[in-house]
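These notebook entries record what I looked up in one structure.

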Amino acid sequence: MRTFDTLEEIDALVGQAVATSDWVTITQEQVNRFAEATGDHQWIHVDVERATAGPFGAPIAHGFLTLSLLPVFFASAMQVRASRMGVNYGLNRVRFTSPVPVGSRLRAHMTLQACEPIDNGGRQMTWAVTVEREGGEKPVCLAESLVRHYP
């Protein structure tokens with residue numbers, strides 16, 4: 001876990017790989033709950049028997065489930081002590097570049113692309129996030145995440 005006492009400390013890290021999250025294991029229960037929450041019940045996610053015989057050899061996580069883990073990855077990778085509130089401001093670009101079979105372990109690497117002052121003494125940070133699957137040959141998700149922190 002990388003800890004920052006002030007928002008200003010982060011300003012100097014633009015262009016640098018800043019943090020790596022803990023590993024998160026994707027379970028079938030998570031996939032099923034995500035399907036219930038979103039209404040996406042495609043068989044490659046929720047029908048274990050059919051998915052095992054399908055193109056990926058196992059059920060796979062929804063791409064948006066992987067994306068929804070960004071707050072978990074950020075929380076395990078870094079803490080900004082001077083921030084009373086951090087909010088997800090949006091995404092500029094997202095790609096799901098490889099499937100995530102159920103049982104996979106994922107983690108994220110965060111590179112700070114920009115850190116700009118905003119109202120009330122806050123900062124808007126643009127993070128290049130690369131989500132990897134343990135043992136995978138290529139990333140499973142690439143995202144440009146916008147996060148705002150307020151002191």
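**Entry 1: Asn88**

I began with Asn88, which counts as exposed because its relative accessibility is 63%, over the 50% cut-off. The model is a predicted one. I located Asn88 in strand 5. I then looked at the polar atoms of its side chain and found one of them 3.0 Å from the backbone nitrogen of Gly90. I also checked the separation between Asn88 and Gln124: the two are 36 residues apart along the chain, and their C-alpha atoms are separated by 9.8 Å.

**Entry 2: Tyr89 and Arg148**

Which residue lies over the face of Tyr89? I found Arg148 there, at 3.7 Å from the ring centre.

**Entry 3: two loops**

I turned to the loop between strand 6 and strand 7, where Asn120 is found. Asn120 is not a glycine, yet I noted a positive phi of about 60° for this residue. With a relative accessible area of 62%, Asn120 is exposed, since the cut-off is 50%.

In the loop between strand 5 and strand 6 I looked up Ser104. Is Ser104 buried or exposed? Its relative accessible area is 8%, so Ser104 is buried. A polar atom of the Ser104 side chain lies 2.6 Å from the backbone oxygen of Pro101. Setting aside neighbours within four places in sequence, I listed the contacts of Ser104 as Val24, Thr25, Ile26 and Arg133.

**Entry 4: aromatic pairs**

How many aromatic pairs does the count come to? I recorded two. I then checked the accessibility of each partner. Phe64 counts as exposed because its relative accessibility is 58%, whereas Phe96, with a relative accessible area of 38%, is partly exposed.

The other entry is Phe74 with Trp127: the ring centres are 5.8 Å apart and the planes are at 70°, so this pair is edge-to-face. Phe74 sits in helix 6 and Trp127 in strand 7, 53 residues apart, and the pair thus links distant parts of the chain. I found both Phe74 and Trp127 buried.

**Entry 5: the largest nonpolar core**

Which members of the largest nonpolar core touch the most other members? Of its 35 residues, I noted Phe73, Met110, Trp127 and Val131. I then asked which elements supply at least two residues each. The helices that do so are helix 2 (28-38), helix 5 (63-68) and helix 6 (70-77). The strands are strand 2 (17-20), strand 4 (78-80), strand 6 (105-117), strand 7 (123-133) and strand 8 (141-150). Strand 6 gives the largest share of this core, five residues. As general background, nonpolar side chains in soluble globular proteins tend to be buried together.

I returned to Trp127 and listed what it touches, not counting residues up to four places away in sequence. Among these residues are Val18, Phe74, Met78, Met110, Leu112, Ala143 and Val147. The list also includes Thr111, Gln113, Glu144 and Ser145.

Thr126 is found in strand 7. With neighbours within four places in sequence left aside, Thr126 is in contact with Asn92, Thr111, Leu112, Gln113, Ala114, Glu144, Ser145 and Leu146.

**Entry 6: the whole protein**

Finally, I went over the protein as a whole. I counted six helices and eight strands, and along the sequence they follow the pattern β-α-β-β-α-α-α-α-α-β-β-β-β-β. The C-alpha trace spans about 55 × 30 × 25 Å along its principal axes. The protein has 151 residues, of which 42% count as buried. The protein exposes about 7,900 Å², and carbon and sulfur atoms supply 50% of that area. For contacts with a separation of 6 or more, I noted that residues 24 or more positions apart account for 71%.

Key:
Residues are numbered from 1 along each chain as its sequence is written. This is a predicted model: local features need pLDDT of at least 70, side-chain atom pairs count only at pLDDT 80 or more; totals for chains, interfaces and linings use all residues. Side-chain values use heavy atoms; hydrogens and water are left out. A nonpolar core is a set of buried Ala, Val, Leu, Ile, Met, Phe, Trp, Tyr and Cys residues joined through side-chain atoms within 4.5 Å. Buried means under 20% relative accessible area, exposed over 50%, partly exposed in between (1.4 Å probe, protein chains only). Helices (H or I, at least four residues) and strands (E, at least two) are DSSP runs, numbered from the N terminus. Contact means heavy atoms within 4.5 Å. Rings of Phe, Tyr and Trp (its six-membered ring) pair if their centres lie within 6.5 Å; planes under 30 degrees apart count as stacked, over 60 as edge-to-face and the rest as tilted. A charge sits over a ring if NZ of Lys or CZ of Arg is within 6 Å of the ring centre and within 35 degrees of the ring normal. Accessible areas come from the Shrake-Rupley method with a 1.4 Å probe; for residues, only the protein chains shown count as cover. A polar contact is a pair of N or O atoms within 3.5 Å; within protein, one must be able to donate a hydrogen and the other to accept it, and residues adjacent in sequence count only if both atoms are side-chain atoms.
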